[in-house]
Structures are given as C-alpha cells and as structure tokens.
Amino acid sequence: MSSLALRMASLGAGLSLAVGSASAAVLGLGAPLWLALLVALAAGALVFGLTFLAARRGLRPLEGIAMRLAAVDEESLARRLPVGDLPTELRDLAQQANALFDRLDAAFERERRTTSNIAHELRTPIAELRGLTEVAIRLGDDPEFLTKAVEEAYSIAVEMDRIATTLLRVARAQAGQLEVRRQDLEADEQLRAAVESVDELAQRRGITLLADDLEQITVSADPDLLDLILVNLLTNAAQHAPDGDHVRSSVRRTERGVEFRIENTNVGLTATDMPHLTETFWKKKDQARKDPVHTGLGLALVDQLSQTCGLRFSMTLVDDRVRATVVVPNPT
Amino acid sequence: MRILLVEDSERLQLAVSTGLRREGHGVDLALDGEEGLRYARNNEYDVVVLDLMLPRLDGLTVLREIRSGKTLSKDVHVLILTARDTVEERVEGLRAGADDYLVKPFSFDELLARIEALGRRSYGTRGPDLAVGDLTIDTAGKTVVRSGRRIDLSTREYALLEYLARRKGETVSRIEIEDHLYDESSLPTSNAVDRAVCSLRAKLGGSEDQPLIHTRRGLGYVLEAREAE
C-alpha cells in the first residue's frame with residue numbers, strides 16, 4: 001500500500017517536474033512573461049465583453065424596431081416607427097419602413113372602401129328586386145303588376161350580370177390574367193369607332209359627342225382592350241356631363257407618345273375627388289345612381305386595363321372641364 | 001293617408017306606390033329632391049318617405065327645408081328610406097328632423113307598418129284599434145266590425161272610413177278627403193267623395209236612427225255616434 005503511494009507520489013512529482021522543465025526549456029519563458037500572458041488574456045476577455053455589451057446596446061434600437069414590426073397587423077397599419085429617437089444610421093431604414101406602411105395603409109384603406117362600395121352598390125338593385133317581388137306576391141291577383149315585376153326583375157338580373165362581369169374583368173386585369181395582343185392600329189379610326197358605339201347612349205341624354213381633332217397616327221396596341229378603354233371613358237363622360245353638354249375627344253402625337261383625350265364639363269368634382277375616381281363604385285356623397293347602364297366600374301376598369309397594357313391613364317380637372325387622358329408611350 | 005314618396009329608383013317607386021295604394025293610401029311620387037320639395041311645399045301629407053341620395057337636391061337638404069317651416073308639410077312625419085346604414089348616418093338623419101329611418105333592402109311589410117305607425121301619431125292615437133259607437137276598426141288587419149257584424153269594404157271605402165274615424169267628431173271637408181285619399185294618379189271626379197260616402201253609409205247600415213256619418217251641409221262630413229240631425 002505504502003510502496004504504491006510512494007510510486008504514485010514519485011510519479012506525480014516526476015511528471016510535474018518533467019513538464020515544468022520541458023516547457024521552460026522549449027519556450028525559454030520566464031515568470032514575468034507568464035504574467036504578461038495572463039494579463040493579455042484577461043484584457044482580451046475584457047475587450048470582448050465590453051465590445052459585446054457595446055454591440056448589444058447598439059443593437060437595442062434594432063431590437064425595438066423588430067418588436068414593433070412583429071406587432072404590426074392590418075388593424076395597426078396607422079402606427080409608425082419613431083424616427084427621431086433612432087441613431088442616424090437607422091433613421092433611413094425606419095423612414096423606408098414607414099413609407100412602406102404608408103403604401104400598405106393606403107392599399108388596405110382602398111380595399112376596404114372597395115368592399116364597402118360593392119356592398120353598398122348592390123343594395124339598390126337588391127332592394128328593387130325584393131320590393132317588386134314582395135309586392136307582386138302580396139297583390140297576388142294583379143296579372144298586370146306581376147308581368148311588370150317579372151320584366152323589371154329580368155332587367156335587374158341583366159344589370160347585376162353586367163356588374164359581376166365587369167368586376168371579374170377588373171380582377172383579371174389586376175391579377176395579370178388578361179392577354180395583351182399588340183398590333184399596329186390607326187389611332188384616329190379606333191377613337192372614331194368608339195365614339196360611334198357610344199353615340200346612341202349619349203343622344204338619349206341629349207349629349208353631343210365630338211371627335212374633332214383626330215391626327216392620323218399609327219400606334220401599337222391591343223385593339224380590343226384599347227376599344228374597351230375608350231368606350232368606357234366616352235360612356236363615363238356621356239353619363240356625367242350636364243344635360244346638353246358637348247363631350248370632346250381627340251388623338252394627337254405628343255412628346256410622351258400618342259395621346260387620347262376625352263373631356264366633358266365638370267359637375268361638382270373637386271381636386272380631392274380625383275384620386276378616388278378609379279375606385280370601384282366610388283361616387284360623391286350626394287350623387288345618385290339611377291342610370292341602369294352606369295355600373296360605377298368604368299374608370300376602375302380603365303385604370304386596370306391601362307396598367308395591363310402599359311398605357312398611362314389619368315383624370316384631371318382643367319378649368320371647368322374633366323379631362324381623361326390615355327397615352328400610348330413612345331417605343332423605347 | 002296621403003303619402004309623398006321621394007325616391008329616384010323608378011322600380012322602387014313602382015313597387016312601394018303600388019303596395020301602398022293597394023292598402024288604400026294616396027301616394028304622390030317625386031324622382032328627385034327638387035321635385036320632392038316642390039310637392040312638400042304645395043301639399044299637406046301625413047307621411048313623407050324620403051331617400052337620401054337624390055339627384056338635384058339631396059334628401060337631408062329636402063328634410064331641413066321641410067322642417068324650416070317654408071312648406072305646407074312642416075310638421076309632417078318623415079321616414080328616411082336609404083342604403084346608408086352606419087350609426088353616424090342614422091343619427092344625422094334623425095337629428096335633421098326625421099321621425100324614422102329604414103335601411104334598404106327592406107321588407108315592404110315593415111315599411112308599411114312603420115308608415116302606418118307614423119300615421120297614427122298624426123292623429124294622436126297609439127293602438128291599432130279605432131272605435132266609434134258600436135263600430136270598431138282594426139287598422140292593422142284593415143277589418144271593420146259593427147255590432148258584432150263584420151263589414152266588407154273596398155280599399156277606398158276603408159281608407160275613407162279610417163280617415164273619418166281618426167278625426168271622429170270633427171267636420172271633415174270634401175277637399176280634405178280628396179287631398180287625403182287621392183293622389184295625382186287618381187284625381188277624383190267632382191262628386192267622387194259624395195258617392196264614396198254614400199256607398200260607405202249604405203254598407204255601415206244600422207237602423208235609420210243610428211247613423212254614424214253625418215252631413216254638415218256646405219261644410220263636409222262628421223263621423224260620430226249620435227242621433228241624426
């Protein structure tokens with residue numbers, strides 16, 4: 001037992017001495033250098049720790065931004081990141097994020113208004129349908145009213161079909177599902193044909209359609225989609241112009257490209273109304289819907305079709321006139 | 001009742017006016033706010049049914065003009081019939097002077113019930129039953145019973161009886177009856193009221209010494225239970 005202990009001890013002592021002597025011999029280091037190494041290690045650890053803490057403190061605003069972003073949903077799009085409190089390096093990031101929120105908020109608000117407008121617009125035909133059929137059932141013994149009610153119910157169904165079809169077209173244009181088949185077209189002929197197809201409707205309202213400034217220009221565009229755009233713009237002008245008004249249309253070459261213009265006298269639109277004109281079913285508060293041909297979707301459709309076809313569409317107020325402009329851009 | 005319907009949907013006009021006329025009410029129709037205001041200025045109505053989104057003049061402006069005292073129908077009961085359904089819009093309509101507010105689409109039965117409820121208020125009655133002597137009129141079911149015997153009346157006769165009963169004891173002139181029961185689509189002939197009263201008298205029956213409708217020569221008619229003059 002004791003010899004084992006001694007061997008163990010001597011083994012331990014021998015090892016200890018052997019290692020110590022080997023290190024000193026190989027590295028040639030003395031005791032002060034060891035100390036310096038230890039100090040250097042400690043200093044390194046301290047620098048690392050301080051750097052970590054500093055970085056952590058520096059990243060704290062980022063953590064704050066991440067938490068705020070994580071909490072954003074469709075109900076809180078009006079909130080914005082506090083730019084003023086941030087370090088200079090992060091302000092640009094926060095401002096860009098806030099700009100994104102502005103765009104998202106506007107898009108959500110527009111979507112909400114669209115849904116509300118659609119629901120609101122369907123109320124009148126549904127009320128008509130319900131009223132007519134309910135009274136027809138109630139009367140029972142009045143074949144004259146029954147016939148009239150059925151005829152009107154059929155007309156309402158046709159109108160609602162037109163609304164649904166147009167909504168579908170807008171949705172398809174938004175989803176990029178419309179095929180654009182460009183070909184060379186005579187712009188003046190295209191406009192003249194659109195004017196002719198809307199003329200009867202305009203005449204019923206006592207509106208005169210004038211196509212009086214038509215340059216002979218060839219453009220590259222999809223004939224069907226361009227026709228849909230021009231017919232909708234002319235119809236819109238004919239429906240909103242005051243009784244007896246002249247709706248003027250023209251096509252000419254400008255610096256921007258080939259420009260179609262359709263103008264009618266303004267009735268009640270203000271500058272603040274203009275951004276809303278392309279919303280589905282948008283109308284001024286005191287504006288009534290009574291024209292069954294008017295779906296309230298024309299300008300929304302024109303806007304979407306123009307985007308699909310790469311055309312530039314705008315509605316502007318010029319003095320006492322409302323001007324719709326569609327530009328086929330110059331080829332690049 | 002004499003009712004003014006200001007509604008720019010011709011289909012709704014057709015449905016509502018047909019239903020109301022079938023119930024015996026006189027209905028004048030206006031397609032826009034200006035026309036509606038013109039009717040209200042020149043005629044006395046029991047109830048005005050008013051859309052809000054109207055061409056030429058919006059419904060709230062029409063309502064405020066009616067309440068401003070510049071029309072014959074200043075104190076008329078107004079029911080707003082509109083697609084606008086938010087709480088704010090209802091509050092705005094009621095605060096502008098409307099007595100009731102109904103949102104489209106609506107049930108015709110409900111519209112009729114609300115119009116008749118407003119009409120009852122015009123004559124200071126609340127319940128649906130009217131009684132004159134041994135005559136009882138159920139205005140909800142539009143039935144008439146005298147001395148336990150049910151009396152069948154035409155729509156026009158019933159409307160005349162209900163109007164006289166609501167004003168029982170008062171002398172009601174022929175012009176008032178014409179204004180109340182007839183509208184522009186059914187202008188009466190010169191003796192239409194006299195003939196209607198005569199027919200109603202015959203149907204109400206009763207012994208000669210128990211008449212209910214009394215003639216005030218040169219003035220009009222009175223409905224009340226008393227001995228013949």
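This is a predicted model: local features need pLDDT of at least 70, side-chain atom pairs count only at pLDDT 80 or more; totals for chains, interfaces and linings use all residues.
User: What makes up the secondary structure of chain A?

Analyst: Chain A has 7 helices and 7 strands. Read from the N terminus, the order is α-α-α-α-β-α-β-β-α-β-β-α-β-β. Of the 332 residues in this chain, 34% are buried. Among contacts between residues at least 6 apart in sequence, 71% join residues at least 24 apart.

User: Why is Ile65(A) called buried?

Analyst: The relative accessibility of Ile65(A) is 7%. Buried means under 20%, so Ile65(A) counts as buried. Ile65(A) belongs to helix H2 of chain A, residues 31-70.

User: Which residues does Ile65(A) touch, leaving aside those up to four places away in sequence?

Analyst: Ile65(A) touches Leu81(A), Leu86(A) and Leu93(A). As for Ala97(A), its C-alpha atom is 9.7 Å from that of Ile65(A), and the two residues are 32 apart along the chain.

User: Why is Asp319(A) called exposed?

Analyst: Its relative accessible area is 75%. The class of exposed residues begins over 50%, so Asp319(A) is exposed. Asp319(A) sits in the loop between strand S6 (312-318) and strand S7 (321-329) of chain A. Its phi is positive, about 55 degrees, although Asp319(A) is not a glycine.

User: Is Lys142(B) buried, partly exposed or exposed, and what makes it so?

Analyst: Lys142(B) has 21% relative accessibility. Buried means under 20% and exposed means over 50%, so Lys142(B) falls in between and counts as partly exposed. This residue lies in the loop between strand S7 (135-138) and strand S8 (143-146) of chain B. Lys142(B) is not a glycine, and its phi is positive, near 55 degrees.

User: Why are H2(B) and H3(B) called roughly parallel?

Analyst: The axes of helix H2 (residues 33-42) and helix H3 (residues 59-67) of chain B cross at roughly 15 degrees and come within 10 Å. Angles under 35 degrees count as roughly parallel, and therefore H2(B) and H3(B) are roughly parallel to each other. Their crossing is right-handed.

User: Which residues make the contact of H2(B) with H3(B)?

Analyst: H2(B) contributes Gly33(B), Leu37(B), Ala40(B) and Arg41(B), while H3(B) contributes Val62(B), Glu65(B) and Ile66(B). By class, 4 are nonpolar, 1 is polar and 2 are charged.

User: Which residues make the contact of H6(B) with H7(B)?

Analyst: On H6(B) they are Arg156(B), Ala159(B), Leu160(B), Tyr163(B) and Leu164(B); on H7(B) they are Glu176(B), Ile177(B), His180(B) and Leu181(B). This contact has 6 nonpolar, 1 polar and 2 charged residues.

User: What kind of peptide bond joins Lys104(B) and Pro105(B)?

Analyst: The bond is cis, with omega about -10 degrees. Pro105(B) lies in the loop between strand S5 (100-103) and helix H5 (108-122) of chain B.

Conventions. Residues are numbered from 1 along each chain as its sequence is written. Chains are lettered from A and ligands numbered from 1 in the order in which they are written. Side-chain values use heavy atoms; hydrogens and water are left out. Contact means heavy atoms within 4.5 Å. Helices (H or I, at least four residues) and strands (E, at least two) are DSSP runs, numbered from the N terminus. Ala, Val, Leu, Ile, Met, Phe, Trp, Tyr, Cys and Pro count as nonpolar, Asp, Glu, Lys and Arg as charged, and the others, Gly among them, as polar. Buried means under 20% relative accessible area, exposed over 50%, partly exposed in between (1.4 Å probe, protein chains only). Axes are lines fitted to C-alpha atoms, for helices over the stretch in contact, and angles run from 0 to 180 degrees between N-to-C directions. Angles under 35 degrees count as roughly parallel, over 145 as roughly antiparallel, 65 to 115 as roughly perpendicular and the rest as oblique. A crossing is left-handed if the near helix is turned anticlockwise from the far one by less than a right angle, and right-handed if clockwise.
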